[in-house]
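Visitor: Could you take me through the salt bridges in this structure? I would like a close look at which residues pair up and how exposed they are.

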Amino acid sequence: MSSGNQQTTAGNERIQQLQKRLAVESGDSAQLLKDIENNPICSVSVDHTVPCIVVAWKRYATSNQLRFVQEKVIDLLARHGLSKLLGDDTVLPTIHREDQFWLVSDWMPRAAAAGLRSIASKTPASHFGKVSLDNIRSAVCAGVSMRSFGDIAEARQWLQGLQP
């Protein structure tokens with residue numbers, strides 16, 4: 001089995017495990033499973049004008065919810081051949097320490113292998129959200145640039161100015 005196929009298989013297994021956990025976690029989690037683009041937790045879509053994956057958080061996400069969304073982001077990056085991620089983190093209250101560690105040590109290298117090169121985000125309004133993103137940004141993996149902006153339009157503009 002090739003390296004790409006192994007990554008795809010492992011990614012599918014991760015998503016399936018998270019789907020099982022989310023199915024019994026809460027009604028909001030069930031809605032997230034049904035529709036990644038429109039649910040109470042976040043909105044995940046592809047913006048072909050940048051081009052990038054857009055994740056707009058709507059509220060607090062449990063560890064399972066956050067990890068499911070991030071796994072779907074890797075899938076979308078690979079499926080669409082994209083290298084940019086735009087996050088509207090305005091209402092993201094925090095990311096728990098163990099999830100910060102997972103994002104940096106596990107998710108980020110896999111996302112980079114799937115093509116991720118640039119992340120732009122709108123700075124969270126909450127203090128703990130800012131601290132969470134600062135911790136992640138300070139440990140971002142080689143080959144991926146990450147910046148926060150005071151305005152989502154600035155973040156989008158920065159990404160549009162980068163090479164795909």
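Guide: Happy to; here is a walk through the salt bridges, pair by pair. Please keep in mind that this is a predicted model. A search of the whole structure finds seven salt bridges.

Let's begin with D47 and R156, whose closest N and O atoms are 3.2 Å apart. This pair links distant parts of the chain: D47 sits in strand β1 (residues 42-47) and R156 in helix α6 (residues 152-160), 109 residues apart. D47 counts as buried because its relative accessibility is 14%, under the 20% cut-off. R156, at 27% relative accessibility, counts as partly exposed.

R79 forms a salt bridge with D75, and 2.5 Å separates the closest N and O atoms. Both residues belong to helix α3 (residues 63-80), where they are four residues apart, about one turn of the helix. R79 has a relative accessible area of 54%, so R79 is exposed, while D75 is partly exposed at 26%.

Helix α5 (residues 127-138) holds R137 and D134, which are three residues apart and therefore separated by about one helical turn. These two form a salt bridge as well, with the closest N and O atoms 2.3 Å apart. R137 is partly exposed, with a relative accessible area of 23%, and D134 also counts as partly exposed, at 40% relative accessibility.

Finally, have a look at E71, D106 and R110, which are linked in a network of salt bridges.

How values were computed
Residues numbered from 1 in each chain as written. Predicted model: local features only at pLDDT ≥ 70, side-chain atom pairs only at ≥ 80, totals over all residues. Heavy atoms only, no water. Salt bridge = Lys/Arg side-chain N within 4 Å of Asp/Glu carboxyl O. Helix = DSSP H or I, 4+ residues; strand = E, 2+ residues; numbered from the N terminus. Buried < 20%, exposed > 50% of the residue type's maximum accessible area, 1.4 Å probe, protein only.
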